[in-house]
Amino acid sequence: MTRVPRLPRSGTIADHPFVCYGTGPPLIVIPGVNDPLLPAGERRWVDGVLAGYCYRQAKACVAAGAPRTVYYVSRPADTTARTVTEMADGYRAVLDTLGRADVLGISMGGFVSLALARADSRVKSLALGLAAARLSRHGRESVTTWREWASDGAWRRLYAAGLDTVTSGWRRRVATATIPLLVHGRDTPTDRFRRSLTAAAAFDATPWLGELSVHTLVVGGTADPFFTATAFARTADALGCRYERLDGWGHDVLVDAGELVDEPVASFLAGDRER
């Protein structure tokens with residue numbers, strides 16, 4: 001029977017709050033543009049959700065024969081980073097503590113992961129989960145709209161739009177019911193969220209992808225709201241790596257059919273164990 005032998009843990013690494021689960025070498029998960037809204041270390045129930053995700057990925061890694069301690073690492077609450085490169089610099093400090101590590105970037109976290117791999121040879125391998133080298137036109141339009149809503153304080157509308165991108169069906173209905181809980185009782189990090197959106201819209205790794213030599217996997221769907229299937233394929237071609245194409249899926253795959261991402265990442269790490 002597949003087991004993940006350790007209980008979840010949480011804390012901070014170089015001022016970056018984290019939740020982790022599993023055993024073995026570190027797999028650092030870098031979250032996307034919504035990280036300022038639902039970071040690790042702020043709300044116990046959010047940490048519980050993140051620990052469940054870490055458990056799921058850690059379990060897939062054990063099943064593939066590549067056990068990992070999966071660290072979901074948020075950006076600091078007091079960060080002043082305005083660009084993807086500056087965000088990546090913060091994760092270099094995380095590597096100072098954890099050492100050489102595999103990295104999984106989710107959505108905009110893939111941008112941060114690419115910048116981190118470009119700057120630091122301690123990135124052992126890189127998986128881009130639902131991320132290409134740059135946003136599509138529609139993706140840029142979406143984050144621009146979200147930035148306007150954040151400026152106007154339209155947080156219920158923003159949370160609803162964000163939840164629509166990551167889940168569907170009964171899960172979306174359940175998640176939508178949590179919006180009042182998400183909005184109530186906390187200071188919304190408007191400036192930090194807007195900087196995250198601005199950084200995502202401005203990022204474009206295509207001019208320097210060919211410089212990277214880190215072993216990489218690209219996972220992305222054909223119905224993604226922020227990236228096209230062509231962009232995923234071109235990113236993989238530029239990196240000389242495999243593209244795991246998820247037909248009919250967008251960002252909702254991570255919640256609604258998570259194994260379609262977890263298992264390819266775990267298999268990739270199992271094949272990469274000698275590096």
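Two strands are taken to pair if DSSP finds at least two bridges between them; strands themselves (E, at least two residues) and helices (H or I, at least four) are DSSP runs, numbered from the N terminus. On this basis, strand β5 (residues 101–106) and strand β6 (residues 123–129) pair in the parallel sense over 6 bridges, with I106 standing opposite G129 in β6. The structure is a predicted model, in which local features need pLDDT of at least 70 and side-chain atom pairs count only at pLDDT 80 or more, whereas totals for chains, interfaces and linings use all residues. Residues are numbered from 1 along each chain as its sequence is written, and side-chain values use heavy atoms, with hydrogens and water left out.

The protein chain contains 11 helices and 8 strands. Of its 275 residues, 54% are buried, where buried denotes under 20% relative accessible area, exposed over 50%, and partly exposed the range in between (1.4 Å probe, protein chains only). The accessible surface of the chain amounts to about 12,100 Å², and carbon and sulfur atoms contribute 50% of this; such areas come from the Shrake-Rupley method with a 1.4 Å probe, and for residues only the protein chains shown count as cover. A contact requires heavy atoms within 4.5 Å. Among contacts between residues at least 6 apart in sequence, 75% join residues at least 24 apart.

The 8 strands form an open sheet of mixed pairing, in the order β1-β2-β4-β3-β5-β6-β7-β8. Neighbouring strands are turned by 20 degrees against each other on average, direction ignored. Axes are lines fitted to C-alpha atoms, for helices over the stretch in contact, and angles run from 0 to 180 degrees between N-to-C directions. Helix α2 (residues 84–98) packs on the sheet, where it touches β1, β2 (16–22), β3 (26–30), β4 (69–73), β5 and β6, and its direction makes about 165 degrees with that of β3. Helix α11 (residues 259–271) also packs on the sheet, touching β3, β5, β6, β7 (215–221) and β8; the angle between its direction and that of β7 is about 165 degrees.

Strand β3 is mostly covered, 5 of its 5 residues being buried. β3 pairs with β4 in the parallel sense over 4 bridges, and the bridge partner of L27 in β4 is V70. T69 is also located in strand β4 and is buried, at a relative accessible area of 4%. Residues up to four places away in sequence aside, T69 touches R9, C20, Y21, G22, T23, G24, P25, P26 and L27.

Side chains of opposite charge can pair when their charged atoms come close. A salt bridge is defined as a side-chain nitrogen of Lys or Arg within 4 Å of a carboxyl oxygen of Asp or Glu, and by this rule the count comes to 10. In one of these, R56 pairs with D262, the closest N and O atoms being 2.4 Å apart. As R56 lies in helix α1 and D262 in helix α11, the pair ties together parts that are 206 residues apart in sequence. R56 is partly exposed at 27% relative accessibility, whereas D262 is buried at 2%.

A salt bridge also joins the side chains of D102 and R68 (2.8 Å, N to O). D102 belongs to strand β5 and R68 to the loop between α1 and β4, so the pair ties together parts that are 34 residues apart in sequence. Both D102 and R68 are buried. In a further salt bridge, the closest N and O atoms of R122 and D96 are 2.8 Å apart. This pair links distant parts of the chain, with R122 in the loop between α3 (108–119) and β6 and D96 in helix α2, 26 residues apart. R122 is partly exposed, with a relative accessible area of 25%, and D96 is exposed at 55%. A network of salt bridges links R92, D96, D120 and R122.
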